[in-house]
Amino acid sequence: MPTAAFYTLGCKVNQYESFSMMGAFSAAGFTIVEPEDTADVYVINSCTVTAAGDRKSLKALRKFRRQAPGAVIVLCGCMPQAFPEKASGLDEADIIMGSKNRSAVLDAAVKRLSGGGRLVDIPAHQTGEAFEKTNTPAHSERTRAFLKIEDGCERDCAYCIIPKARGPVRSKLPGDIRAELTQLTGAGYREVVLTGVNLSCYGQDLGVHLNDAIEAACQSGIERVRLGSLEPDLISTDDCARWAQVGAGVLCPQFHLSLQSGCDRTLNSMNRRYSADDYRSTVKALRRYFPGCAVTTDVMVGFPNEREEDHAASLNFIREIGFAKAHVFAYSPRPGTAAAEMAGQIPGQVASRRAREMAETTDTSRQTFLQSRIGQTYSVLFETLEESGLYSGYTPCYTPVAVSAGRDVRGKVLPVLITEQSKDGCIGVLVD
């Protein structure tokens, strides 16, 4: 029986797509093994958000070639799609495909195993193309599943290569969403995460709205529904009210709102479509309808022409909002984007210092959020048995919680009283 290994870089959408490809390979008779094992086929599902992502893909490509000289190596995903000429010249790969035709990866690998020639197939994205039909196969970790319902982005932020890598917005048909939710619930999953390249734009090509997908998910019978990253300017107060109504007890009160900067001057330079005040209003609406919710975000520092006063404004905004958690990163030029050609590139040393200051600020907000959980009781979906002997899982707000238990509680949703704060989570006790 042939074997296949998958190495996935990047976002939850990539993870979903890799699981979908794994399901297709498994159904075709392949045994799925770990990337560290010797395999007949290695599939590298690449990420190209940053140049570092490209380097990781190339490193994996060369590693697998050394590890298994006779194996079929596939490089697919965003990197080849965004930079087809660069990818085509990577001789270590036997098959090179983009982000548009993942469903063809299996057939290409089988043909190569049967003696077929090297294949480079990277069709360009086109306006009006349909959403690629994919499904999440059942696998051993039946706690949380990702459900991709949207692909593509047309926002054209100055720093981002994703519109080139992912193409126009396209959405999963509502009927297909309901069918996949039924499949996931029947397979024993307790939580589903609705994901997309730009999730907030779901349905604009179909004449429906993200609200429709959320309502379908919350009525599917699954215990928890969580949302992926959202654009703050595409969420209205009415949306928040509807989510609270249709998602009562099911929709997880954790919202990842992409920020990038708390300074209007920088946001405008980035070609983001909202102001700091717009963002503030969205957070207020979420907290009105979901009291105690967790608001998480991404923050970029060192964007071209960012002044010290702009950085200070962003720091102050972070302190004001009080995020439950934030991913902080320093801007790095991405070839093919408008920002890479801008004057006023910030020296690396300055950007690194600003990143440290921002990380310290967001960590303070994180600790404040965790402290606010102490003394409260939350339902926790348990997932892992740690080396310490504690069982760990997540609250609806996605707060990591560890407990001592006299039985195996993995896969169960149980009430936990939070008793103390740990380094990046909480400790609690099971409530009888």
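Two strands count as paired if DSSP finds at least two bridges between them, and the strands and helices named here are DSSP runs (strands E, at least two residues; helices H or I, at least four), numbered from the N terminus. The model is predicted, so that local features need pLDDT of at least 70 and side-chain atom pairs count only at pLDDT 80 or more, while totals for chains, interfaces and linings use all residues. Residues are numbered from 1 along each chain as its sequence is written, and side-chain values use heavy atoms, with hydrogens and water left out.

Select residues 191-196 to begin: this is strand S9, which runs parallel to S10 and is joined to it by 4 bridges; Val193 stands opposite Arg226 in S10.

Next, pick Trp243, which, leaving aside neighbours within four places in sequence, is in contact (heavy atoms within 4.5 Å) with residues including Leu210, Leu227, Leu230, Phe255 and Phe290. Trp243 is also among the residues touching the most other members of the largest nonpolar core, of 53 residues, as are Ile149, Val225 and Tyr279. Such a core is a set of buried Ala, Val, Leu, Ile, Met, Phe, Trp, Tyr and Cys residues joined through side-chain atoms within 4.5 Å, where buried means under 20% relative accessible area (1.4 Å probe, protein chains only).

Finally, go to Gln260, in the loop between strand S11 (254-256) and helix H10 (264-270), where phi is positive at about 75° although the residue is not a glycine.

Methods
Buried means under 20% relative accessible area, exposed over 50%, partly exposed in between (1.4 Å probe, protein chains only).
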